[in-house]
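Hi there,

Here is the structure I promised to pass along.

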Amino acid sequence: MAIARQVLCLAAFLSLPPARPEPLRYSVAEEGESGSVVGNVAEDAGLAPAQLSARRARLASEDGRQRFRLDRGTGRLVVAERLDREELCGQSGACTLPLELLLANPLQFFRVEVAVEDINDHSPAFPEEQVTLKIPERGDPGSRFPLEGARDLDVGSNGVQAYSIAPENQYFSVSYGSRSNGDKYVELVLEKALDREEQAEVGFSLIAMDGSSPPRSGTTQIHIVVLDVNDNAPIFTRERYTGQVLENSPEGSVVLRVVATDWDAGPNGDITYQFSQVVGQSHSAFVIDPVSGEIRLTKPLDFETAETHELSVRATDGGGLSAICRVLVEVVDVNDNAPELVVSSFSSPLPENVQPGTVIALFAVKDRDAGANGKISCALEEQLSFSLRPAYKNYYELVTVSVLDREETAQYILTVTAADEGSPPLTATQTFTVDISDVNDNAPVFNQTSYTMYVHENNVPTVLVGAVSASDADVGPNAKVTYSLAPAHPAEQAPCSCISVNSENGRVFVLRPLDYERVRQIEVSVSASDAGTPPLSANVTVRLLVVDENDNVPLVLYPAQDSSPASSELVPMSAEAGFLVTKVVAVDADSGQNSWLSYHLLRATDPGLFAVGAQSGEVRLRRPVTDRDAMKQKLVILVRDNGRPPLSATAALSALLLKDFSDVRLPHSSLTTEDEGGSLTTYLIISLVFISLLFLVSTAAFVTRKVCKRKELKGEHVLYGTGHLQSGLADAAAAGTLPHPYCYEISLTTGSGNSEFKFLKPVVPSLPPQLSAMGGGTDDDLHFPHGPVAVEDTAPENPGTLSAEQFSSLSFN
């Protein structure tokens, strides 16, 4: 049956003081009246009586029964109910009741043990009011006849101490004592042989007395029936039988078998078995077969109710002689009882700043089984913040082992498991739900390390530009956050007067219009404070950026758009698609997307010829230049910003399409716009005439030098073919109109009548591999039908081979 227990709530931040090493021991006689004083526990525990009331002292016992009570006014321990030692402890020699004296604020306990002293409140009692013995005549003096002894529920000297016969007679005396195994016996001793013809029956009383003063006694009547000669009584094979049976054995299970023998023959040797009545056992759990002597169960046994059962078996032969043996049935424990956890004290909630080592619960464990089945071990499910600590005997404490943090874990569910050592083991669990109360140990934390907000210039007053937000990991008032402006730097006296923050929701307002040209950035510090005691706060920087309006048009830096003529770019006719003509460079005084510029071709003489990079402003050829394209191209580029609405500017430029001028750049001042076409044409004609004259002079010099070289070769039998050009011709070649020069030496052997000649080592640079491909070289002879030859290399594009056309271009003299 479940027993209601009180739970003592303690201040969670106090630790449990150490228990006394030894319990407070007292003794009290059983059957004492309610209110009898046992002892002064306050004085023995070193406590003042006033502390008992102030600390709500109370008594606790394992089974929950309040057999004693505590007088808080005097500190006395008094009896609360009638104590019956026999009911509490049975036949145990010592009867001790354990108690705990519990005090709160702080939690403290003392162990108390009260020994219940036995008083002589029970008289000896025999199992039967009358015992009939059939004894044959002519029995030998000294024969012994065992009897069932009297039982006394008291112990020690208050138990049965002596037996006597009344009235005394000449035939019998009584003998009693203890055997070597500790069993007590009572026997009738035949002092004189009986004579059935003289006296057929003998009667007297057997008296049992205890050792108290005055003694108590019990009586049974002995009736002796004298029989004819049956001179052999049954004899058991053992004086004491011991059997073991599992407590869960089913009904009808055989416990053991007793065996007795009788040397007589016929009816005098026939033995029957029966139980002798046992004191206090009105409904036996055993039955014996009268013929075989097998003892069986009539119902399952319970180890927790009785660990042993003592039986008395009488064997009687056909002539009336009998013998008695003792049967001890030991009930073997089965693990059929789970452990029990009894909580004496539990504290919840706990403040999160409680110190490690604080006791939050005190509980006891017990198991009704015995041996390994009753050995209990306790374990706490894996938990880093709490642990179990043995207190004394079967008591355990649940303590904190680390600092608690409500923000990390607001509630702990602790499960304690008690398991016995049975097979299979039985377990019991107890769950402790520990709530953690909040302490203001967390300052508000903004959701950003800093805030950047924007406002357009010329804003309306009290415009909302954003909000700051801070959260507090605490709860309740400790988590209520309010906002305020604070000086950004300690030297400042007060924050900016043009910004305001709402104390409840952190919204930031600009109180008056701002001008981007006067102020572009304002920085303030906002403080967030909680409502704890003491309050905690945090600051964050709020940076307000003034956003510029799109009030500046783009400014073209290149090409210059001043009063001077528009710039002109030279484009060679050989330029391919993608050729970079020029790049338009512009800037915008605005900021942000108002200054993002894009470039667009607004007008062009031939729109399909040019393309403008939208982001880079680069003007490139969309396709190759053809002869059909106008030599003079005029373009207008639109430069537009990304404002709302967008502002734009235009850039005008010109391009000239020229032949054979891929690397030539004339000064821009020498060219004019389309409006001055006549002057430009004049300059072009002059340039072409100059270049033509330079080409004719270079050609004449080349031919003259060739003739001179040929004459020298005739005198020395050496013919030189030169490719040296004059400096003017070299300059023209640099412009891309003439090939690079080469110089070769051609030597004819002396006396070569068949017009043989050799190519010697070239002067500048090395001999082209074309001649080697023809079979010539420094050591090979080339045969020509017309004698010496002058060779001119025109620097072919592929110097590694000599084509047929190149070979045929060689001149032979």
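Below is what turned up, sorted by topic.

One thing to keep in mind first: this is a predicted model, and the values I quote are computed from it.

**Salt bridges**

How many salt bridges does a search of the whole structure find? The count is 20. I picked out a few to look at one by one.

In one of them, Arg67 pairs with Glu81, with an N to O distance of 3.9 Å. Arg67 sits in the loop between β3 (58-60) and β4 (68-71), while Glu81 is in the loop between β5 (76-79) and α3 (85-89), so this pair ties together parts that are 14 residues apart in sequence. Arg67 counts as buried, at 12% relative accessibility, whereas Glu81 is partly exposed at 23%. The cut-off behind those words is simple: a residue is called buried because its relative accessible area is under 20%.

Arg406 and Glu407 form another salt bridge, and their closest N and O atoms are 3.2 Å apart. Here Arg406 is buried, with a relative accessible area of 11%, and Glu407 is partly exposed, with 22%.

Then there is Lys480 with Glu504, where the closest N and O atoms are 4.0 Å apart. This pair links distant parts of the chain, 24 residues apart: Lys480 belongs to the loop between β35 (470-471) and β36 (482-486), and Glu504 to the loop between β37 (499-501) and β38 (507-510). Lys480 is partly exposed at 48% relative accessibility, and Glu504 is exposed, with a relative accessible area of 52%.

**Surface patches**

Which residues make the nonpolar surface patch of about 410 Å²? They are Leu555, Leu557, Tyr558, Val585 and Val587. Strands β41 (555-558) and β44 (585-587) each supply at least two residues of this patch, and β41 gives the largest share, with 3 residues. Val587 lies in β44 and is partly exposed, at 38% relative accessibility.

There is a negative surface patch as well, formed by Asp195, Glu197, Glu198 and Asp228. Asp228 is placed in the loop between β14 (217-227) and β15 (235-236). With a relative accessible area of 47%, Asp228 is partly exposed.

**An exposed threonine**

Last, have a look at Thr449, in the loop between β32 (445-446) and β33 (450-456). Thr449 counts as exposed, at 77% relative accessibility. Thr449 and Asn539 are 90 residues apart in sequence, and in space they are 9.4 Å apart, C-alpha to C-alpha.

Best wishes

Conventions. Residues are numbered from 1 along each chain as its sequence is written. This is a predicted model: local features need pLDDT of at least 70, side-chain atom pairs count only at pLDDT 80 or more; totals for chains, interfaces and linings use all residues. Side-chain values use heavy atoms; hydrogens and water are left out. Patches are made of residues with over 30% relative accessible area and no salt bridge: like charges are joined within 9 Å, nonpolar side chains (Val, Leu, Ile, Met, Phe, Trp, Tyr) within 5 Å. Accessible areas come from the Shrake-Rupley method with a 1.4 Å probe; for residues, only the protein chains shown count as cover. A salt bridge is a side-chain nitrogen of Lys or Arg within 4 Å of a carboxyl oxygen of Asp or Glu. Lys and Arg count as positive and Asp and Glu as negative; His and the chain ends are not counted. The place of a charge is taken as NZ of Lys, CZ of Arg, CG of Asp or CD of Glu. Helices (H or I, at least four residues) and strands (E, at least two) are DSSP runs, numbered from the N terminus. Buried means under 20% relative accessible area, exposed over 50%, partly exposed in between (1.4 Å probe, protein chains only).
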